[in-house]
Amino acid sequence: MLAATMRATTRGAATGAAVGRIALGVVVVVLTAALAGCSSGPEPRAGAAGPGAAKRDAGAERRAHRAAPKNVFRLIGDGSTAFTGSQPKQPVAQRLTPGQKPPQFVVFSWDGAGEDGQRLFSHFREVGRKYHANMTYFLSGVYMLPEAKRELYDPPKHNAGSSDIGFNDTEGIRNTIAQVRGAWEDGDEIGTHFNGHFCGPEGGVGTWTVDQWKSEIGQAKSFVKSWKTNDPGLKDEKPLPFDYDTELVGGRTPCLEGRKNMVAAARTMGFRYDSSGVDNQVWPKKKDGIWDLSMQLVPVPGRDFETLSMDYNFMFNQSGTTQGDPDRHEYWGNQMRDGLIQAFDRAYGGNRAPLIIGNHFESWNGGTYMRAVEQTIATVCTKKGVRCVSFRQLADWLDAQDPATLAKLGTLDVGQAPAKGWPEFLGEAGGGRAETGGEGETGGEGETEADRTSGIGWAHAGVYADRAGRRPESGAR
C-alpha cells in the first residue's frame with residue numbers, strides 16, 4: 001500500500017465561497033490524519049453517452065476506436081514503459097456541423113492518483129467501465145519512487161528527499177502500476193499532479209521559477225519511466241504500455257498554486273492543457289497557448305454561495321475537518337452530489353459548457369464524498385448527448401472545432417441557452433453576441449456577472465481566508 005507517510009499531514013487542495021452565490025476558490029490549510037492535496041477486455045467507453053450503451057447518440061455511433069497494432073511494441077529505457085501504438089478506445093473528434101447542438105462534456109479527474117489499501121483507484125475504474133465514463137488520473141511522481149530511493153527526488157527550494165506526501169513502497173508501487181496500466185488500456189488519461197506537493201509561501205510551488213517547474217516536470221516523468229531501476233523488486237513487472245514523454249499532456253498543480261510559471265514551463269514540454277485554475281461554468285479558452293480547463297464554481301444546496309467543484313472544497317465548507325460529525329456524513333455527501341448535479345443541469349439545459357470535477361481517492365467524513373461522486377457519475381453519464389471524457393479527449397474535441405464556433409459558444413453565460421435555439425445560434429449565418437434571455441439563462445432575479453464572479457482573484461487566499469473562502473477584513477496579504 002502507499003507508504004504511511006503519505007497519509008499523515010499535508011496541505012489542502014482548494015476551498016471557498018464568496019458572498020452571494022459565489023465561492024472564492026482555494027484555501028490552503030494543514031489537515032492531520034488525511035491527505036488533502038494528494039491521495040494515495042473492458043468495454044469501449046470513451047465518451048459514450050445516452051441512457052445505456054445501446055442508445056448512444058448518432059455522433060457516438062460514428063466514432064471509431066483506434067486500437068494499437070498487434071505488432072507494435074518497443075521497450076523504452078529500462079523497460080518501465082514501452083511504446084505499444086496508439087491508445088485504444090479513443091473517440092475520433094469531429095467538428096460540429098452548422099447549427100448542431102454541442103455534446104455535454106463532463107470530466108471527472110483525480111488528484112494524486114495511486115492505489116493504496118482503500119482500493120479506490122481500482123473501484124472507480126470499475127465505475128467508469130460500468131457507466132461508460134473515461135476519466136483523468138493525475139499521478140504524483142513520488143508515488144512511483146520507493147522510500148529507500150527518496151534522495152533521487154531533488155525538489156526546488158527543498159532538500160533532496162523531501163516530500164509533503166511521502167513516498168511509496170514496493171507493494172504500493174506495484175499496485176499503482178497495475179491500475180495505471182489498466183486505466184490507459186481502458187482509454188483513460190494519465191496526467192500529472194507533479195511530485196512533492198509543496199504549498200504555501202515557504203518554498204511552495206507558487207514560489208517556483210519557470211526553470212524550477214521544468215525540473216519538477218522532468219522529475220515527475222523520470223519516476224514514471226524508471227521504476228524498474230529505482231526498485232529492483234519490480235523488475236519482473238510488465239511495462240506501462242505508453243511513452244510518457246508523449247502521453248503526458250496536462251496536469252493540475254498542488255493546491256492550485258504556481259500556475260503561471262508552471263504553464264510557461266509545461267507548454268515547452270508537450271502540455272496541451274492545464275486544470276489548475278478556478279472558473280465559472282463557461283466554455284474554455286486557450287491561454288498562453290494551452291487549454292484552460294479549470295475546475296468551476298458550483299452550487300452548494302441550502303447555502304448562499306458556490307464552491308469549487310472538488311470534494312475537498314465541499315468537505316472544508318461543511319466540516320472543516322476530514323473527521324466531522326458522523327451524524328452529518330450522509331447529509332454532506334448528498335449536498336455535494338446534489339450541487340454537482342445542479343451544476344450539470346444548468347449546463348446541460350443551458351450553454352453546454354463542459355463540467356469539470358476534481359476529486360481525491362480519500363475516505364474523508366466516512367467516505368461520503370466518494371459515494372457522492374459515484375452517484376453523480378451514475379446520474380449524468382447515462383443521459384442522452386452526454387460524453388464523460390478525459391481532459392485529453394476534451395482537448396482533442398476542442399482542437400477539432402472551428403475557432404469561430406468556439407468563440408460563439410464563449411459568449412454564452414453560465415446556464416444560458418441560446419434564446420432562439422441551437423440551429424440558429426450555431427448556424428452558418430450565426431454571429432455576434434449571445435442573445436439574452438431564453439430557457440436556461442443563468443442566475444436569479446437581479447443577479448449580475450459581478451455577483452457570480454466576485455472573489456475569483458482570492459482563489460489562493462490560503463490560511464488567510466475564512467471557512468466560507470472569503471478574504472477576512474484584516475490580516476490578509
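Biologist: Happy to look at this one with you! Are Cys199 and Cys255 buried or exposed?

Modeller: Bear in mind that this is a predicted model. Buried here means under 20% relative accessible area. Cys199 and Cys255 both come out as buried.

Biologist: Good start. What is the S to S distance in the disulfide that joins Cys199 to Cys255?

Modeller: A disulfide is called when two cysteine sulfur atoms lie within 2.5 Å. Cys199 and Cys255 meet that rule, with an S to S distance of 2.0 Å.

Biologist: How many residues apart in sequence are the parts that this pair ties together?

Modeller: Cys199 sits in the loop between β7 (189–192) and α4 (210–225). Cys255 belongs to the loop between β8 (250–251) and α7 (259–266). The bond therefore ties together parts whose separation in sequence is 56 residues.

Biologist: And is that disulfide right-handed or left-handed?

Modeller: The torsion about the S-S bond of Cys199 and Cys255 is the thing to check, and its value is about 85°. That makes the disulfide right-handed.

Biologist: Which cysteine forms a disulfide with Cys381, and what is the handedness of that bond?

Modeller: The sulfur atoms of Cys381 and its partner, Cys388, are 2.0 Å apart. Both Cys381 and Cys388 are buried. The torsion about their S-S bond is about -100°. So the partner is Cys388, and the disulfide is left-handed.

Biologist: Nice. What is the pairing if we number the bonded cysteines in sequence order?

Modeller: By the sulfur distance rule the count is two disulfides. One joins Cys199 to Cys255, and Cys381 and Cys388 form a disulfide as well. In sequence order, the pairing reads 1-2, 3-4.

Biologist: Let's move to a helix. What end-to-end span does α10 reach?

Modeller: Helix α10 covers residues 364–380, which is 17 residues. At 1.5 Å a residue, the expected span is 24 Å. From the first C-alpha to the last, α10 comes close to that, at 23 Å.

Biologist: Which elements cover the buried residues of α10?

Modeller: The buried residues of α10 include Trp364, Tyr369, Met370, Val373 and Ile377. Contact is taken as heavy atoms within 4.5 Å. The cover includes β5 (104–113), α2 (120–130), α8 (311–318), α9 (329–351), β15 (355–360) and β16 (386–388).

Biologist: Now the three-stranded sheet: which strands stand at its edges?

Modeller: The open sheet runs in the order β10-β13-β14, with mixed pairing. An edge strand here has a single partner, so one side of it is left without a neighbour in the sheet. The edge strands are β10 (278–279) and β14 (306–308).

Biologist: Is the pairing of β10 with β13 parallel or antiparallel?

Modeller: β10 and β13 (residues 295–299) are linked over two bridges. Val278 stands opposite Met295 in β13. The sense of the pairing is parallel.

Biologist: What angle does α9 make with β13 where it packs on the sheet?

Modeller: Helix α8 packs on the sheet, touching β13 and β14, and its direction makes about 130° with that of β14. Helix α9 packs on the sheet too, touching β13 and β14. Its angle with the direction of β13 is about 105°.

Note on methods:
Residues are numbered from 1 along each chain as its sequence is written. This is a predicted model: local features need pLDDT of at least 70, side-chain atom pairs count only at pLDDT 80 or more; totals for chains, interfaces and linings use all residues. Side-chain values use heavy atoms; hydrogens and water are left out. Helices (H or I, at least four residues) and strands (E, at least two) are DSSP runs, numbered from the N terminus. The expected span of a helix is 1.5 Å times one less than its number of residues. Buried means under 20% relative accessible area, exposed over 50%, partly exposed in between (1.4 Å probe, protein chains only). Two strands pair if DSSP finds at least two bridges between them. Axes are lines fitted to C-alpha atoms, for helices over the stretch in contact, and angles run from 0 to 180 degrees between N-to-C directions.
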